[in-house]
Amino acid sequence: MFRLTHTAIEPSSWSALCASPRAGALATFEGRVRDHDGGRAVTALVYEAYEGLAVDEGERILGEALERFPAEAAVCVHRLGRIDVGETAVWIGVSAAHRKAAFAACEYIIDELKSRVPIWKKELYADGDAAWVGAGRGVHVPRAGRACSLRMIDPDTALSLVRDTTEPLAPVRVPVRDALGLTLAEAVWADRAYPPFDRAMMDGYAVRLADAGGAARVAGEIAAGGCVDQTLEDGVTYAIMTGAPCPPGSEAVAPVEVAERRNGAVHVPSRIAPGEHIARMGSECAAGTVVARPGDRITPLVIANLATFGYTHVRAVPKPVCAVITTGSELADENGGPGPFQIRDANGPMLAALLDQAGIRRQMRGHAADNLESLRAALEEARHADVVLLTGGVSAGAYDVVPAALAAHGVDVLFHKVTQKPGKPLLFGKMGTRLFFGLPGNPLATHLGFHRYVLPALWALAGCAAPPQPPREGCLTGELRGVRSRTLFQLCGAVWIDGAWHITPLPCKGSADIFSVATANAYVRVDPGAAPRHAGEYVPFTMLGEEGPYSTGGTPVSPPQYLGKKAHTPRAERPCHVAG
Amino acid sequence: MSKTVTIEYFALLREARGCAREKRETDAATPRVLYGDLRARFRLPISAEAMRVAVNGAFASWDVPLHDNDTVAFIPPVAGG
């Protein structure tokens, strides 16, 4: 058995897996992190793996060991992520009838593992340097903040990277009343037929067709919720209310408007069709029918179905828990006023509002000064969050310690710096399944970073597979110019007048100017090198706060099916990136 | 013939490329040609000779033909344990 783990290795639980009544020996090997390598002081190692292939190759090696040596069982577990000095990085156990085979197999496994299994380690040195081990002579990464060495990538690659590397959270059972907006993780099916009885659809009389054009004696009255067991016979009728069960033998309901009642009898209209105004048992939904499937969004209509079918709880993908960590010594204490060279925190409250708007209820807040120690404490405090949003400290200044702090925490930085404006120094990393976003300290950069990258990650975590809403088109009211080497995301005001959107670009004086754009409700994307757009031209735009995916809407019918044979070519639109 | 492949980078190579995974259109017939193109374009620091390659989750030869929608992972020298 070969396993990879992100948590500490507990030898006793693994050695239990080697147990065999035929084994007289158990040889184990533990690889630990030592505090020096090649004469340099090492503080920690960071391991990463090509997980699927690593497990396959690891299993292959264990199989080979069991073939070559007369051993009973072989187990190997390798840890990933950041591992401090003294901790166990790899544990191997082999049980065999005799010690020689156990020792030999153990040695074979560690030797082969080191040369074949796609696992890599980076040494973090006490002096702040870091280097990949075994990557070849002369390969060296400057500074512990290894994210600094990452290449700048374009906004589309960055977004697909966020989407492609984010997996839905594990489903949980939630009360139906808390399930709105979540993604279903089980099929919703009818526990019984609907309607569960022959239901009257009008106020009137339950009648036999034989009585059409004649009279029937009124034997009683059935209200909704009531019941009559007696079978209806010719010449007899019951007054019945909408929603009430029809007595057995009812062939139609004659509406009260057309059935004349006189002296305890009813004149049944002569034109009455079989089954008229009766919803037959099971005619709307047979027992066992699946009405919504895993992956569908839980909308109010799905809630109505869940309630109808007796669900009190339902399995659904939860929404992620998010932590916001503001950084920077320039931020004033919330309770005291700002000092002359301090500012009040805008990003923290803005991110909380953005998370509220995205329906994220479970939020944590933290603050860290611009030093590794303070950030380490804040990251530790946020250890239960699925998503950690840091603002500030992510650029290249002397006090921009977020990349280094994340690397030291064991976060695998996937990109740092995106060719966009605002928000170039955006950082994205992962640790296991947890996501980390380093958002630039300028509020507009944080704002864009959230809308464009954090939101899609939140949806992906919440299991939304549907594509985001396509951009709308609007008429520019003024000129819009891009920037030379970066993609511009320009905040705008969008107004609906006379059947069209009108888009007013709101120029701002830099990424901290939240004042000129305070009423923005949309943004327009301008790619680098694009020609200036003028007033009167139509441009695609994205409405802020409405970028969310549509509800799944069930399985779509392909256009040729509903358009007949005529070939249908959908209007060209900007490419939509679909998660997964 | 042009095809779309998903490329996965690890460790040093991931840092040099700036991302862990990307989709690219390519005319390259084999992983060797594909890596040659990428190496020249992004100045990647490791030569193909020093690495192994995996196609669709399994180790493969550098000269295996590439198909549309293949996933290619370049495996820098490993250092587990």
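The exercises below apply to a predicted model.

**Exercise 1.** Determine how α4(A) and α9(A) are oriented to each other, and describe their contact.

Solution. 
1. Take the geometry: helix α4 (residues 155–164) of chain A packs against helix α9 (residues 443–461) of chain A at an angle of about 20 degrees, and the axes are 9 Å apart.
2. Apply the cut-off: the angle is under 35 degrees, therefore α4(A) and α9(A) are roughly parallel to each other.
3. List the residues: from α4(A) come A:Ala158, A:Leu159, A:Val162 and A:Arg163, which meet A:Arg452, A:Tyr453, A:Pro456, A:Ala457 and A:Ala460 of α9(A).
4. Sort them by class: this contact has 7 nonpolar and 2 charged residues, and no polar ones.

**Exercise 2.** Find the strand order of the open sheet of 3 strands in chain A, and locate its edge strands.

Solution. 
1. The order is β10-β22-β11, with antiparallel pairing.
2. β10 (172–175) and β11 (183–184) of chain A each pair on one side only, and are the edge strands.
3. β11(A) pairs with β22 (residues 313–317) of chain A over 2 bridges.
4. Within this pairing, A:Thr183 lies opposite A:Val317 of β22(A).

**Exercise 3.** Describe what chain B brings to its contact with chain A.

Solution. 
1. Chain B gives 24 residues and chain A gives 36 residues.
2. On the chain B side, α1 (11–17), β2 (21–26) and β5 (71–75) each supply at least two residues.
3. The largest share, 4 residues, is from α1(B).
4. By class, the side of chain B that touches chain A comprises 15 nonpolar, 4 polar and 5 charged residues.

Notes
Residues numbered from 1 in each chain as written. Chains lettered and ligands numbered in written order. Predicted model: local features only at pLDDT ≥ 70, side-chain atom pairs only at ≥ 80, totals over all residues. Contact = placed C-beta atoms within 7 Å. Nonpolar A, V, L, I, M, F, W, Y, C, P; charged D, E, K, R; others polar. Pairing = 2+ DSSP bridges. Axes fitted to C-alpha atoms, helices over the stretch in contact; angles between N-to-C directions. Parallel < 35°, antiparallel > 145°, perpendicular 65-115°, else oblique.
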